[in-house]
Amino acid sequence: MTTPKVRKQKHQNNLPKKDKDSKVLTAQNGGIASSKWKYVAAVLSGLTLLAAAVLKHRYGSPGQTTFARADVKTDELVNSVPCSSDYQKDPFKECKPSFCGRVVRDNVVTSEEAEHLLGVAKRGLAYGGSNGGASILDLHSGALSKNDKFINVYSILPDGEGFTEQDFSIYRRVKDKIHRAIAEHFHVPLTSLFLTKPTFFSRMNTSEAKTMHDEYWHPHIDRVTYGSFFYTSLLYLTTYGTDFTGGRFIFTDQGHNMTVEPRLGRVSFFTSGSENVHYVEKLTSGVRYAVTISFTCDPSMAIADPNVR
Ligand SMILES: O=C(O)CCC(=O)C(=O)O
């Protein structure tokens, strides 16, 4: 019995003459031939990398499409997706999604309204703020991130400070516009669709997470995370690439992500079930502000509009 090593030697010695010669020739000229091919391969891979970088910059990386770009103002972008089975057991026939998807619109809220709400967010969050990278302010409940927990902003506001009737009236107007946009798009009677909790301003920055509340980058389903949501909306108060980097909103479709780049005044709304798993990328610079305003079909989960206190 021969070992593999012995068999290999035997095979080489038995090569026909031509093969032996060509082996010698290759050995002699290999330096020139292989350096030529190495050069061609290097140029080709350089060109491929360059093309990939250009395509990535323009269209996103393979497996990822930029659905809404921050530098392009858009009336309406629609991306339909099949509904998950999450709504099957729900009553609320005329309200629950009969079709599912995502919509991005830059014409629902004016830039003045968005800028005013950015001021409200900054003013309110100045009374608190998380130690980690994500802080929230809920004007309904008063919940405000402070260090590693939440406090009630209404219980700590000094006399004469806080939020004005104008702040609340702009908030309610914006909420009504988004309510109408969702009802129209998803063919739901306005009176069957209710504001639900939590609604909140969010502020994200690059600070390291200190508690799980700071970890906004985990893929999740809003119906699972928040319980009562049927339709989620986000109003962006700052712009990707100008006010911050990272922090894009990503729908994690199977094998292909759809990205929404936040833009001041941009409204993004979508059905809240597992057809719309999503996360926010970690910020790499700057500060990102947004408001989450969501709606339910379940009247028992409805909340009233917030009012000055
Ligand atoms: O701010 C965003 O773009 C989305 C935040 C989010 O996914 C959430 O609060 O559940």
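**Contacts, cores and helices in a predicted model**

In the protein chain, residues 24 or more positions apart account for 79% of the contacts that have a separation of 6 or more, two residues being in contact if their C-beta atoms, placed from the backbone, lie within 7 Å. The structure is a predicted model, in which local features need pLDDT of at least 70 and side-chain atom pairs count only at pLDDT 80 or more, while totals for chains, interfaces and linings use all residues. Residues are numbered from 1 along each chain as its sequence is written.

The secondary structure of the protein chain comes to 6 helices and 16 strands; helices (H or I, at least four residues) and strands (E, at least two) are DSSP runs, numbered from the N terminus. Of the 309 residues in the protein chain, 33% count as buried, where a residue is buried if 20 or more other C-beta atoms lie within 10 Å of its own, exposed if 12 or fewer, and partly exposed in between, with C-beta atoms placed from the backbone.

In soluble globular proteins, nonpolar side chains tend to be buried together. The largest nonpolar core of the model has 52 residues, among which Leu117, Ala121, Leu137, Ile178, Leu235 and Leu237 touch the most other members; such a core is a set of buried Ala, Val, Leu, Ile, Met, Phe, Trp, Tyr and Cys residues joined through C-beta atoms within 7 Å. Helix 3 (residues 111–125) gives the largest share of this core, 6 residues. A second, separate core of 6 residues includes Ala70, Ala134, Met204 and Phe244.

The 15 residues of helix 3 should span 21 Å at 1.5 Å a residue, and this agrees with its end C-alpha atoms, which are 21 Å apart; the expected span of a helix is 1.5 Å times one less than its number of residues. Within helix 3, the buried residues are Ala114, Leu117, Leu118, Val120, Ala121, Gly124 and Leu125. These residues cover an arc of only 160 degrees around the axis, which puts them on the same side of helix 3, the arc being that of the directions from the helix axis to the C-beta atoms. On the face of helix 3 turned away from its buried side are the exposed residues Ser111, Glu112 and Glu115.

Helix 5 (residues 165–185) has 21 residues and reaches 30 Å from its first C-alpha to its last, close to the 30 Å expected at 1.5 Å a residue. Its buried residues are Ile170, Tyr171, Val174, Ile178 and Ile182, and because they cover an arc of only 105 degrees around the axis, they lie on the same side of helix 5. The exposed residues Glu165, Gln166 and Glu184 are carried by the face of helix 5 turned away from its buried side. The cover over the buried residues of helix 5 includes helix 3, strand 9 (231–236), strand 13 (267–271) and strand 16. Ile178 itself touches Val108, Ser233, Leu235, Val267, Phe269 and Ile293, when residues up to four places away in sequence are not counted.

Several loop residues were also examined. Glutamate 161, in the loop between helix 4 (153–156) and helix 5, is exposed, with 9 other C-beta atoms within 10 Å. Histidine 187, in the loop between helix 5 and strand 8, has a positive phi near 55 degrees in a residue other than glycine, and it counts as exposed, with 11 C-beta neighbours inside 10 Å. Phenylalanine 92 lies in the loop between strand 2 (77–81) and strand 3 (100–105); its phi is likewise positive, near 50 degrees, but phenylalanine 92 counts as partly exposed, with 15 C-beta neighbours inside 10 Å.

Proline 97 is placed in the loop between strand 2 and strand 3 and counts as buried, with 22 C-beta neighbours inside 10 Å. Leaving aside neighbours within four places in sequence, proline 97 is in contact with Cys83, Tyr87, Phe186, Phe230 and Thr271; proline 97 and phenylalanine 186 are 89 residues apart in sequence, yet 6.8 Å apart in space, C-alpha to C-alpha. A further proline, proline 198 in strand 8 (residues 194–204), is joined to lysine 197 by a cis peptide bond with omega of about 0 degrees.

The residues around the ligand are Ser202, Asp222, Thr225, Leu234, Phe249, His278, Val280, Ala290 and Thr292, a residue being near a molecule if its C-beta atom, placed from the backbone, lies within 6 Å of it. Helix 6 (222–226), strand 14 (278–280) and strand 16 (288–296) are the elements that give two or more residues to this shell.
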